[in-house]
Amino acid sequence: MAGKGQDADRSGTGAPRRKRARRDRTPEPSDSEVLLFGGPLRYDMGWSQHQGAFLELNFRAMLRRLPSMLAVCFRLAWQADRRAARTVLAAEIGQGLAQAVSLLAVNAVLARLIADGPIEDRLRDAVPALVAVAVVMTLAALLRAASTYATGRLEPRVERVATERYLECAAAVELAAIEDHTFHKLLDTAKWGAQSARRMITYSARVVNALISLVAAAGVLTVLHPALLPLLITMTLPSAWSALTIARRRYTSFHAWVQHSRAGQLIARLLTQPESAPEIRVHGVGPFLLRHFRAMSETAEAEQARLADLAARTGLIAAAWTGLATVATYATLGGLLLAGTMALSVAATAVLAIRTGSASLNTLVLEVNSLHEEALFVGDMQRLYAEADERAIPVGGDPLPAEPDEIRLENVTFTYPGNSPGKAARPALSDVTLSVPLGRIVALVGENGSGKTTLVKLLAGLYRPDSGRILWDGVDAADVDRRELAERIAMVAQDFKRWPFTARVNVAVGRPSAPLTDERIAAAVAEAGAQDMLADLPNGLDTLLAREFSGGHQLSGGQWQRLGIARAAYRRGQILIVDEPTAALDARAELEVFERIRALAGTGQTVILITHRLASVRHADLVHVLDRGRLVESGTPEELLAKGGVYAELYALQAEQFTAKVPARPREPAGARGPAEAKKPTGAKEPAELKEPTGAKEPAGAEEPAESKEPTGAKVSAGEAG
Ligand SMILES: Nc1ncnc2c1ncn2[C@@H]1O[C@H](COP(=O)(O)OP(=O)(O)OP(=O)(O)O)[C@@H](O)[C@H]1O
């Protein structure tokens, strides 16, 4: 499969990308593998591909990084639990020293036993050293127990502290960062960092321990014969090389394939989420998603198989190298003995020291390798911390005027970052200058994508203008305290969050810092006209609004919308922004909501209203009309109607829907369907997907897609009543 991926054509020209990829070079998933572009699966899912890993991995770099890795680990441990961190460090150093002392003591025992003289004398001479061995080993056992206990305490705390910091980062950055795919990728990779930090504690402890016992063994060997230390190192190098090579490949692969696995997880989530369940069933999207999931899993499995194959080969090479080095070591010892340059007792101690030393070195290599692998993920986490700090919502700033009269946008231009490469991004707002008088109802009107939502997000401080200023009575919003700015705003966004909590919490989450009182909740619910709806719920305000949990309840779209309005009312912000507040409401509820919005204006509340229902805009004090990111008209509804511009045109179109007669539906003879274009109203564009042959034939006289059925102003749509 990996081979297939390597040969797959990324450019879509059909030319093979490369004939033979080097086996040990991590293949990045090709477009058709990651994204299932084209090919037999035909659809482009639209996810962009990972642009390359930020790797700085090699043998020397890893060794160079060892002290800093240990320092990072110790810092994490220190932040989580100082006492436990101190205990682990002291216990591990103690254990390492105990091993060194016990080696020296064993050396002394051997020297006494192999020395000349009667056996009784030799045994008696060896007793003190034997006692020392016993004491040291008991001490080592006690230290090991202390370390196990302290590590057990430390590990979950380190993980919790790291996870909390991770989540804080995610919550504290600007909205633009959360929407930026590179930051998201960092969030994805860094999420493993907390678990890695936890594991690093154990590995670091073992590294410290192995380091100290290795130093002891190496010291003993150097004293015995200078040739023995290089031999010891030669014996252990192959396993070091093998472990590090495998770890590096695994990490490189992880980074190259992270986008792929993210996409796979997303598909899995889509298949299980209640929100997608209806379409999956009605449109038969299930098999389509499953096909993609299987294809993605297969390519991921192929990558795993490739890594396993390489690991097996590397392991074999390392084993052969170790075997040769071991033979050379023992041959050297034999040679030294034969040449008479080494005494037998020294050779015996050397064998012992070599065994201890190579065991320590092996442990060291394996643990450093594990430490290194985990440190890479902790490194991702730290990169996230640094990046999140840079992209964090600034704290502090100028105060906002307490009772401003006006918010004014001056030549505001804003383009969303991270649009498709190669295409010049069109600004969502271009050179917009307008005024929002406070204490009034200001409506933003315009066609889809004209920039209304973007404008209110800029007003709410969620984005910053690329150029131009937003002035609150002359105070530039760019310099003000963002928290204070947020305090002033209550917002019912188009896609406001439907929290999987109780109805009460769903309202109170509008201002979590306020004491949750029944009076405040009741007032907000009444303001949104949601009392009856909430009273009908099985447990009233305490009904859990998450169908996937036991006792959970599902609200309708309109019911949710009322709850969203109640949340904004509960917030009691100086400025209420409502973005399509009535899109899901029935005609009566919609009238009611607009009545309430009007009533709010009477109390001095500023309302910024985005709606396509122009009848509801009649009561606004001021209307701004946007078109493709530009302000094209401003004025009272009456002025704009009289002017006969864009607003008047849109208004007339909607009004016409209620007055125009419904034309008789032309009857087509069964099976006489003409080409789609022939049935479309002029100017109505068909979405690309509809043009793709689906393989399933439409029955004669089948319904056309809604968009193409609606000749402008010719039909009454019940949903538009308002
Ligand atoms: N988060 C985003 N990232 C990138 N582009 C965006 C984002 N949100 C909106 N856009 C783009 O900005 C432009 C303006 O979008 P906006 O949502 O402000 O329009 P709108 O007038 O509110 O539309 P609608 O009436 O459909 O709600 C559109 O071209 C849209 O594709």
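This is a predicted model: local features need pLDDT of at least 70, side-chain atom pairs count only at pLDDT 80 or more; totals for chains, interfaces and linings use all residues.

User: What about α7 and α9, how do their axes cross?
Analyst: Helix α7 (residues 181-190) and helix α9 (residues 228-272) have axes that come within 11 Å and cross at roughly 90°. That is why α7 and α9 count as roughly perpendicular to each other.

User: Which residues meet there?
Analyst: From α7 you have K185, D188 and T189, and they meet V258, Q259 and R262 of α9. By class, this contact of α7 with α9 has 1 nonpolar, 2 polar and 3 charged residues.

User: Changing topic: sheets. In what order do the strands of the 4-strand sheet come?
Analyst: The order is β2-β1-β4-β5, in an open sheet with antiparallel pairing. At the edges stand β2 (429-437) and β5 (475-476); each has a single partner strand, so one side of each is left without a neighbour in the sheet.

User: Over how many bridges do β1 and β4 pair?
Analyst: Strand β1 (residues 406-414) pairs with strand β4 (residues 467-472) over 5 bridges, in the antiparallel sense. Looking at one residue, L409 has I470 in β4 as its bridge partner.

User: Which strands of that sheet does α13 touch?
Analyst: Helix α13 packs on the sheet and touches β1, β2 and β4, with its direction at about 120° to that of β1.

User: OK, and the 6-strand sheet, what's its order?
Analyst: That open sheet runs β6-β7-β8-β3-β9-β10, and its pairing is mixed. Its edge strands are β6 (489-492) and β10 (630-635), each pairing on one side only. Ignoring direction, neighbouring strands of this sheet are turned by 15° against each other on average.

User: Do β3 and β9 pair in the parallel or the antiparallel sense?
Analyst: Parallel: strand β3 (residues 441-446) and strand β9 (residues 622-627) pair that way over 5 bridges. If you want a spot to look at, A443 stands opposite V623 in β9.

User: Which strands does α13 lie across here?
Analyst: Helix α13 lies across β3, β7 (575-579), β8 (606-610) and β9, and runs at about 150° to β8. As for α18, that helix lies across β6 and β7, running at about 180° to β6.

User: Last topic, the ligand. Which residues surround it?
Analyst: The ligand is surrounded by E179, Y416, A428, G446, N448, G449, S450, G451, K452, T453, T454 and Q494.

User: Which helix gives the most to that shell?
Analyst: Helix α13 (residues 452-459) does, with 3 residues.

User: How many nonpolar, polar and charged residues does the shell have?
Analyst: By class, the shell around the ligand has 8 polar, 2 nonpolar and 2 charged residues.

How values were computed. Residues are numbered from 1 along each chain as its sequence is written. A residue is near a molecule or strand if its C-beta atom, placed from the backbone, lies within 6 Å of it. Helices (H or I, at least four residues) and strands (E, at least two) are DSSP runs, numbered from the N terminus. Ala, Val, Leu, Ile, Met, Phe, Trp, Tyr, Cys and Pro count as nonpolar, Asp, Glu, Lys and Arg as charged, and the others, Gly among them, as polar. Two strands pair if DSSP finds at least two bridges between them. Two residues are in contact if their C-beta atoms, placed from the backbone, lie within 7 Å. Axes are lines fitted to C-alpha atoms, for helices over the stretch in contact, and angles run from 0 to 180 degrees between N-to-C directions. Angles under 35 degrees count as roughly parallel, over 145 as roughly antiparallel, 65 to 115 as roughly perpendicular and the rest as oblique.
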